[in-house]
Amino acid sequence: YRRQRQMCIRDRYIDCMNEEEFLLLKSIALSLERIADSLEKKAHNEVDDKVDVAVESSDDTNENENMDYGCSVKEIDVNILIDKLQEKNITVKTYVDSSHENTSLDNVAYFMGNRYNDIRKVYETIKRHLNKPNGFHLDLKNATQSEISASCQLCTTLYDIAFLSEYKYDKSPRYFIHATPNKIPIAINFLTGHWLEIFIRKTIQDSLKSLPAAIEYTYLINPQIILPNGNDFELDVVFLINGEIYWVEGKTGNYQHYINKYSHVANMLNLDKNHSFLVLTDVINPNTTYILSKTFDMTIIPVEEFKEEIKYVFHENLIP
């Protein structure tokens, strides 16, 4: 339409112009068309607040796949890990078969872990309101653009999958999120901590794919076990990688109540700090995790640093 209108204007005045004027006007019109086309392409490429989390997570996954050095990564029989634990007098009572594992929420969990600094405020607000009858109104006026974008992406996705029963975002100048968590078991389980277990598992798997070494692995999620002292216990994520056990716990709150117990279990499993980890979301002061790691027999780390830490550990432990 724009080009047709410009042609009509040129035709209307062509008879009134000499050749030099016509050529000048034609050059200006072509330049304006190129500028308009460029602006249109830029507008189409801009990302708004409702970008699909799955697309961004898929990009992250593709990036990880492109880091594959071509060495083999093979998933082996989980019974090899169960037997390995039995050698340490750890009996596995029940576990979720990885072939039956629900991976539909992987991308959401991966996004939450990778962007936790940006979603911290909205996530903690959602979690606080899981047991409350009403929704919440979250003021983001003092938040960064990255925090606003990630928070809206998360809420949009949670609303799309019915983990939020209501969601609305008031743009500038208000910058308010209005939302109500859905009180259904799958949403409560995911938002109170299962997302962190998924993030840990997926991060480890992606890290293994990037190693320039042949890898054989298997894993257990939430295995119910019997400790050597006869006590029942539940582990979050346990991997067997090239014959070595790696245990990772994730906590989204109240880690103080569990940390000493986890440290004792690490000793029972005979796992050093390069093979036992506690990933936390509610620690803001970086000195806190440093002191905790020095005090207890595990590597204790904030969620936003876990990806780099596990890559470093794998390079040290698994690359010849």
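I take contact to mean heavy atoms within 4.5 Å. The model I am looking at is predicted, and I keep that in mind for each entry below.

**Entry: T125 and helix 6**

I looked up T125 with that contact rule in hand and, setting aside its neighbours within four places in sequence, found T125 in contact with F136 and L138. T125 lies in helix 6, and I note the residue as buried because its relative accessible area is 5%, where buried means under 20%. I then went along the helix for its other buried positions: besides T125, the list holds Y116, D118, I119, R120, V122, Y123 and I126. Helix 6, which covers residues 116-128, also has a kink of about 35°, and I find that kink centred on V122, itself one of the buried residues of the helix.

**Entry: the whole chain**

I stepped back to the overall figures before going further. The secondary structure comes to eleven helices and twelve strands, and of the 320 residues of the protein 44% count as buried. For contacts with a separation of 6 or more, I read that 69% are accounted for by residues 24 or more positions apart.

**Entry: helix 8 against helix 11**

Next I examined how helix 8 (residues 185-209) meets helix 11 (residues 303-318), and I find that their axes come within 10 Å and cross at roughly 35°. I record the crossing as right-handed. On the helix 8 side the contact is made by L196, F199, I200, T203, I204, S207 and L208, while helix 11 brings V303, F306, K307, I310, K311, F314 and L318.

**Entry: cysteines**

How many disulfides does the model have under the rule that the two sulfur atoms lie within 2.5 Å? I get a count of zero. C152 is in no disulfide, and the nearest cysteine sulfur, that of C155, is 6.8 Å away. Starting from the other end, I see that the closest cysteine sulfur to that of C155 is in C152, and that the 6.8 Å between them is too far for a bond. Is C152 buried or exposed? I note C152 as buried, because its relative accessible area is 1%, and C155 counts as buried too, with 0% relative accessibility.

**Entry: backbone details in the loops**

I checked the peptide bonds and stopped at the one joining S172 and P173, which is cis, with omega about 10°. P173 lies in the loop between strand 4 (164-170) and strand 5 (176-181).

I also looked up positive phi values in residues other than glycine, and A162 is one of them, with phi near 70°. A162 is found in the loop between helix 7 (145-160) and strand 4, and I note A162 as partly exposed, because its relative accessible area is 34% and that class lies between 20% and 50%.

N254 is another residue other than glycine with a positive phi, here near 55°. Where does N254 sit? I place N254 in the loop between strand 10 (244-251) and helix 9 (259-268). N254 counts as exposed, because its relative accessibility is 58% and exposed means over 50%.

Conventions:
Residues are numbered from 1 along each chain as its sequence is written. This is a predicted model: local features need pLDDT of at least 70, side-chain atom pairs count only at pLDDT 80 or more; totals for chains, interfaces and linings use all residues. Side-chain values use heavy atoms; hydrogens and water are left out. A disulfide is a pair of cysteine sulfur atoms within 2.5 Å. Buried means under 20% relative accessible area, exposed over 50%, partly exposed in between (1.4 Å probe, protein chains only). The bend at a residue is the angle between axes fitted to the seven residues ending there and the seven starting there. Helices (H or I, at least four residues) and strands (E, at least two) are DSSP runs, numbered from the N terminus. Axes are lines fitted to C-alpha atoms, for helices over the stretch in contact, and angles run from 0 to 180 degrees between N-to-C directions. A crossing is left-handed if the near helix is turned anticlockwise from the far one by less than a right angle, and right-handed if clockwise.
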